[in-house]
Amino acid sequence: MKKLWVKVLGVAGLLLLLAACTDNADSEGDKKHLTFVYNFATNSLDPNVDSSYVPLRAGLTETLVKLNEETLTIEPWLAESWEGTNEGKEWTIQLREDISFQNGQPMDAEAVKASLERSMKDNVAIQNALKIDSIEADGMTLHISNTQPFPEFVSELVNPNTSIIDVEAGDFVNNPIGTGPFKLDSFTPGSKLELVRNEDYWDETAKLDSVTFSFNEDANARSLALESGNADVVFRPEVESIETLEAKEGIKVESTETFRVHQMTMNLERESLKDVNVRKAVDALINRDEIVDSVLLGYAQSAKGPFPDSLPFAPTYSDRETGAEVAKEYLEKAGYSLQDGKMQKDGEPLEFTLLTYSARADLPLIAQIFQSDAKKLGIDVELRQIEIPEEYMASNRDWDLATYSNLTAPRGDAGYYLNATYHPDGALNFSGANEPELTKIIDQLNVTVDMDKRSELAEEAANYVDENQINSFVLYPDTLVAYDETKVKNWVTTRSEYYMITNQLDVK
């Protein structure tokens, strides 16, 4: 009952907050205002280190290049052009002229150099991803030397953590100064941002005067905010509310395939999971069809690997048998047997600690289904709720499994996910994978230019992950966005989930 009251109070609090925002917007007369509710809260707006990517998503910051989601190619943004030589070890990047930061300071090569160097200094993941040895600034031109040939270097500059900010302005946590179409008016950590139009924006000025970008990790609260008229756009509404929302006049629900995969991350440093047969047993226990139907209500596709079939580098996997009996066979190969209702080996029961987090409402439900199915096989699974998965998994090794959601190809290429998740230096290598053969494939991918060869290497790496069961892949969730189509214009649900509050977003 206590949890129910907390949830009710949370919903009520959000509605009161958004109602106040709506009243304030109405009092401004004919000014165009939009209220957006996002599913991840953040206490920091530092674009170079924060994993929520809110500054880019909110239109505060921009990167040198961006992803064209239709062609899955990189196109100019703050950079006008680029050229690589010496097999991608040396790069010349030409910046656009006449761009200023939101405080009026010019965005020149020195400023961009300082921003990139800060992101590498404060974010080890970015340092490892970019592989930059040195940067030289000359007017509006950057000369970058990498530590190795790296033909896909420019695609890494799509990463929101490489957002270009005025380093000299300081206060990156509460008020980063970027180049985007919106400026920050106020920030309430964990609650919301108030944004106003950047009148001096270098491209077409934003159509909206202001935006409230609020946070709520309760999917039900997000849905109710839209139903009640206290929000205009909500990201990832509660799946169970979709039918109700679609039946309400004026509300449009968009379901879009993404580059995202829900996976079961395995901690390979845990003794039981060092055995590939135990990992294969875990994979066999995942009832993907039930999860897609009962948890996502069909707004997802079962996954066999990290990359959906729509991507050119996705392998063709052979069908594999799953279920409790299959899992039991793998466990027997690992030396386990069912005794007195417990799966055990040498007198020690097989038990797992499974991490999950509520910001993605479907992940705790996936964890509960796995817990229930494992229990039938005599395996106790302790569910542990955490707040920020990246921080917890990177800092703690007291867990076995984790439901985790990951973007696998937000740059339109396999290199990002493979480097981040399976390379020993990868920022998202929470499993602790250190497989020399796999690392060799990824290293070769990093220096390969030919796209067909890159696809072959990506398939080879994905097949290695599959054969050795380094993590399990549950499903590819659709991105669900609901909005008031009688008011909102030009909303685009992107596959990368990067570009949300743009200069083209408008209200009627």
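Buried here means under 20% relative accessible area, and exposed means over 50%. The model shown in these views is predicted.

**View 1. Helix α10 and its buried face.**
Helix α10 spans residues 324–333, and its buried residues are V326, A327 and L331. Seen down the helix axis, these buried residues fall within an arc of 140 degrees, so they line one face of α10. E325 and K333 are exposed on the other side of α10. What do the buried residues of α10 pack against? Their partners are α8 (276–284) and β16 (342–345). Just after α10 comes G335, with a positive phi of about 95 degrees.

E117 and K113 meet through their side chains in a salt bridge, 3.0 Å from N to O. The two residues are 4 apart in helix α3 (residues 109–122), which separates E117 and K113 by about one helical turn. An α-helix has 3.6 residues a turn, so residues three or four places apart point the same way. K113 has 19% and counts as buried, because the cut-off for buried is under 20%.

D380 pairs with K342 in a salt bridge whose closest N and O atoms are 2.6 Å apart. D380 lies in strand β19 (residues 380–385) and K342 in strand β16, so the pair ties together parts that are 38 residues apart in sequence. D380 is partly exposed, at 23% relative accessibility. K342 is also partly exposed, at 30%. Strand β16 is one of the elements that the buried residues of α10 pack against.

**View 2. A charged network and the salt-bridge count.**
D46, R118, K121 and D122 belong to one network, joined by salt bridges that share partners. How many salt bridges does the structure have? The count comes to 28.

**View 3. K183 and the K192–E194 salt bridge.**
K192 and E194 form a salt bridge, with 3.1 Å between the closest N and O atoms. Both K192 and E194 are buried. E194 is also among the residues that K183 touches. K183 sits in strand β8 (residues 182–188). At 31% relative accessibility, K183 is partly exposed. Beyond four places in sequence, K183 touches L60, Q102, E194, L195, V196, R197 and N198.

**View 4. The stacked pair F36 and Y38.**
The structure holds 17 aromatic pairs. In the pair F36 and Y38, the ring centres are 6.3 Å apart and the planes stand at 20 degrees, so the pair is stacked. A stacked pair has planes under 30 degrees apart. F36 is buried, with a relative accessible area of 0%. Y38 is buried too, at 1% relative accessibility.

The rings of W77 and Y499 have centres 5.7 Å apart and planes at 85 degrees, so the pair is edge-to-face. W77 lies in the loop between β3 (73–76) and β4 (79–85), and Y499 in the loop between β23 (488–489) and β24 (506–507), so the pair ties together parts that are 422 residues apart in sequence. Both W77 and Y499 are buried. The charged end of K66 sits over the ring of W77, at 4.4 Å from the ring centre.

**View 5. K131 over the face of F150.**
K131 lies over the face of F150. The distance to the ring centre is 4.8 Å.

**View 6. Confidence along the chain.**
Mean pLDDT for the chain is 91, and 94% of the residues reach 70 or more. Where does pLDDT stay under 50? Residues 1–9 form one such stretch, with 2 contacts beyond four places in sequence in the model. Residues 22–27 form another, with 3 such contacts.

Definitions and conventions: Residues numbered from 1 in each chain as written. Predicted model: local features only at pLDDT ≥ 70, side-chain atom pairs only at ≥ 80, totals over all residues. Heavy atoms only, no water. Buried < 20%, exposed > 50% of the residue type's maximum accessible area, 1.4 Å probe, protein only. Arc of directions from axis to C-beta. Contact = heavy atoms within 4.5 Å. Salt bridge = Lys/Arg side-chain N within 4 Å of Asp/Glu carboxyl O. pLDDT = per-residue confidence, 0-100. Phe/Tyr/Trp six-rings, centres within 6.5 Å; stacked < 30°, edge-to-face > 60°. Lys NZ or Arg CZ within 6 Å of the ring centre and 35° of its normal.
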